[in-house]
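Let's walk through this one together, beginning with the sheet and ending at the ligand. Have the viewer open as you read.

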Amino acid sequence: MASEKIQFENNQLLVPDNPIIPFIEGDGIGPDIWRAASRVIDHAVRLCWQGKRRIQWKEVLAGEKAYRETAKWLPEETLQAFRTFRVGIKGPLTTPIGGGIRSLNVALRQQLDLYACVRPVRYFPGVPSPVREPQKVDMVVFRENTEDVYAGLELESSQEDARALIAYLAETKGWHIRPGSGIGIKPISKFASLRLLRSAIEYALAHGRKSITMVHKGNIQKFTEGAFRNWGYELARNEYPGSVVSWEDCKGNPPAGKIVIKDTIADIFFQQALTRPEEFDVIATTNLNGDYISDALAAQVGGVGMAPGANINYQEGYAVFEATHGTAPKYAGQDKVNPTSLILSGAMMLEHMGWKEASRKIESALEKALASRQVTYDLARLMPEAEEVSCSAFADLVCALMA
Ligand code: NAP
């Protein structure tokens, strides 16, 4: 069976039965969790379609393996493969120190303009959690991925440029910035905000979600965070009048068939996500808020070892799914860590491809595996009467529990 490329036409992915999918194994624990996750993904696809559909994996290099073999941390061929084949998946990557790259993940997101970081956060029964009712957490975070303070526009306090900018701002704006300050620029554009907010709304509509909450610090940062919020309401009013209604317009009671769009200040959101998580569904937010929020919510349902993620450019059909934790180098090669984050990212990828049956099979087998209390060390140490199993044994268990 010849392998084929996933195509993107008229804003839709066209997925052949035997798509070529590039993967980056990742550094540190990457090879362990990739072996485990790819086995689970392949098994689910085989069970659903008995060989009629099959993923043709194509390894591409990034991180330490790429540096060893090509002397580059992120070779152009890797970026090209993600462009050519559209959908890919990756393990965690080391952040090179002094390599001229801030972060390989940020570089990958920027090069492919993967503007939406999508993080579903839900609870699997039996998983240890620091909160009393973790089952109430069921949110999908849409985090803007390309701007905000992540744009990397910073001047060190000792730089002449920083001094010159401080002087310029004093002269032209009358702003008195303390001499010797480092300066960071926070750009939030209408263009990037709208495409992120549109993705969140489209997702909420396509997945039968009830609400979209814009999380921001617009009370303080009016023209960046506040503008993000205002553009969101404007977008809902102009482009989705038949399907989305603002909280203010419906006084919190959306008519049947409509979803509600609301907003909350980031600090209040952190409180309410703990005290009233059931009030939140799809979250749309700026880059830095989204970074904090994704990990804080993941903590409620068992930590980053349990949280899947994707970086998506919906307009051009590019998507890279990824484990959300790092390379945990002290466990590298020990077949020890929890592969759930990458397994769930694989399930998310299958859903994105329209292979929903396989995605659901993985999620339901994972539910059973976690409920059986045969889990990796990170969960076993927190679960009474758990049996600790290796990374590969956990993957075997998930495969065995797929009906
Ligand atoms: P980390 O690799 O996520 O590890 C921190 C701790 O989290 C581990 O020591 C371990 O906790 C726990 N952990 C992480 N993954 C786990 C898994 N799959 N199963 C069970 N426990 C897991 O964070 P880090 O040590 O700060 O970063 C290490 C490297 O990863 C750095 O180079 C960093 O830049 C990079 N990084 C990459 C990504 C990415 O590629 N997306 C994301 C974050 C960090 P215990 O020690 O308690 O067992």
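Strands here are DSSP runs of E with at least two residues, helices are runs of H or I with at least four, and both are numbered from the N terminus. Two strands pair if DSSP finds at least two bridges between them. Bear in mind that this is a predicted model, where local features need pLDDT of at least 70, side-chain atom pairs count only at pLDDT 80 or more, and totals for chains, interfaces and linings use all residues. Residues are numbered from 1 along each chain as its sequence is written, and side-chain values use heavy atoms, with hydrogens and water left out.

Now for the sheet: 11 strands make it up, open and with mixed pairing, in the order 4-3-5-15-14-6-7-13-10-12-11. Its edges are strand 4 (56-59) and strand 11 (244-246), each of which pairs on one side only. Within the sheet, strand 14 (residues 308-313) and strand 15 (residues 318-323) run antiparallel over 6 bridges, and Ala310 sits opposite Phe321 of strand 15.

How many residues surround the ligand? There are 21, and the closest are Thr95, Gly326, Ala328, Tyr331 and Tyr377; a residue counts as near if one of its heavy atoms lies within 4 Å.

Next come the polar contacts, meaning pairs of N or O atoms within 3.5 Å. The side chain of Thr95 places an N or O atom 2.6 Å from a ligand oxygen. For His325, a side-chain N or O atom is 3.2 Å from a ligand nitrogen, while Thr327 uses a backbone N or O atom, 3.0 Å from a ligand oxygen.

Terms used
A polar contact is a pair of N or O atoms within 3.5 Å; within protein, one must be able to donate a hydrogen and the other to accept it, and residues adjacent in sequence count only if both atoms are side-chain atoms.
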